[in-house]
Amino acid sequence: MFEQIKHNMETIAGVAIYPILSLLIFFFFFVGLGFWVFFYKKEKIKELSEIPLNDTIKVE
C-alpha cells in the first residue's frame, strides 16, 4: 500500500513544496507561540495560576 502512495506522490508535479510548506507553518506557529508566552504579562499568569485556589469568582 505504501508503494502505491509513494508512486502517486512521485508522479504529482510540484509535490515537493508541501513538506517544506508544512515545516514552515509548524516552525512559525511554535516560534510565534514562544514569543507570545515569553512576552505575556507576568501578573496575568500569576492571576490565572491562582484561579483553582480562589473560592470567589472574579468577573471583569
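This briefing describes the overall form, the surface and the side-chain contacts of one protein chain. The model is predicted, and the values below are computed from its atoms. The protein has three helices and zero strands, and from the N terminus on its elements run α-α-α. Its radius of gyration is 22 Å, whereas a compact globule of 60 residues would have a value near 10 Å.

**Overall form**

- Along its principal axes, the C-alpha trace of the protein spans about 60 × 25 × 15 Å.
- Buried residues make up 0% of the 60 residues, a share that rests on counting a residue as buried when its relative accessible area is under 20%.
- The accessible surface of the protein comes to about 6300 Å², and carbon and sulfur atoms account for 72% of that surface.

**The helices and the distances between them**

- Helix α1 covers residues 2-11 and includes Ile5, a residue that counts as partly exposed because its relative accessibility is 43%, between the limits of 20% and 50%.
- Helix α2 covers residues 17-39, and Ile20 is found in this helix; at 47% relative accessibility, Ile20 counts as partly exposed.
- Helix α3 covers residues 42-49 and holds Glu47, which is partly exposed with a relative accessible area of 31%.
- Ile5 and Phe39 are 34 residues apart along the chain, and their C-alpha atoms are separated by 43 Å.
- Glu10 and Glu47 are 37 residues apart in sequence, while the distance in space from C-alpha to C-alpha is 53 Å.

**A nonpolar patch on the surface**

- Twelve names make up a nonpolar patch on the surface, namely Ile17, Tyr18, Ile20, Leu21, Leu24, Ile25, Phe27, Phe28, Val31, Phe35, Phe38 and Phe39.
- Together, the residues of this patch have about 1300 Å² of accessible area.
- Ile20, one of the residues in the patch, has a relative accessibility of 47%, and it can be part of such a patch because members need over 30% relative accessible area.
- Phe38 and Phe39, also among the patch residues, are both exposed.

**Aromatic pairs and a charge over a ring**

- A search of the whole structure finds six aromatic pairs.
- Phe26, Phe29 and Phe30 are linked into a cluster by ring pairs.
- The ring of Phe38 also has the charged end of Lys42 sitting over it, at 5.9 Å from the ring centre.

**The salt bridge**

- Side chains of opposite charge can pair when their charged atoms come close.
- The structure holds one salt bridge, in which the side chains of Glu50 and Lys46 meet at 3.0 Å, N to O.
- The distance of 3.0 Å between Glu50 and Lys46 counts as a salt bridge because the cut-off is 4 Å between a side-chain nitrogen of Lys or Arg and a carboxyl oxygen of Asp or Glu.
- Of these two partners, Glu50 is partly exposed, with a relative accessible area of 31%, and Lys46 is exposed, with a relative accessible area of 51%.

Note on methods
Residues numbered from 1 in each chain as written. Predicted model: local features only at pLDDT ≥ 70, side-chain atom pairs only at ≥ 80, totals over all residues. Heavy atoms only, no water. Patch = residues over 30% accessible without salt bridge, like charges linked within 9 Å, V, L, I, M, F, W, Y side chains within 5 Å. Areas by Shrake-Rupley, 256 points an atom, 1.4 Å probe, with all protein chains shown as cover. Helix = DSSP H or I, 4+ residues; strand = E, 2+ residues; numbered from the N terminus. Buried < 20%, exposed > 50% of the residue type's maximum accessible area, 1.4 Å probe, protein only. Phe/Tyr/Trp six-rings, centres within 6.5 Å; stacked < 30°, edge-to-face > 60°. Lys NZ or Arg CZ within 6 Å of the ring centre and 35° of its normal. Rg over C-alpha atoms; globule rule 2.2 N^0.38 Å.
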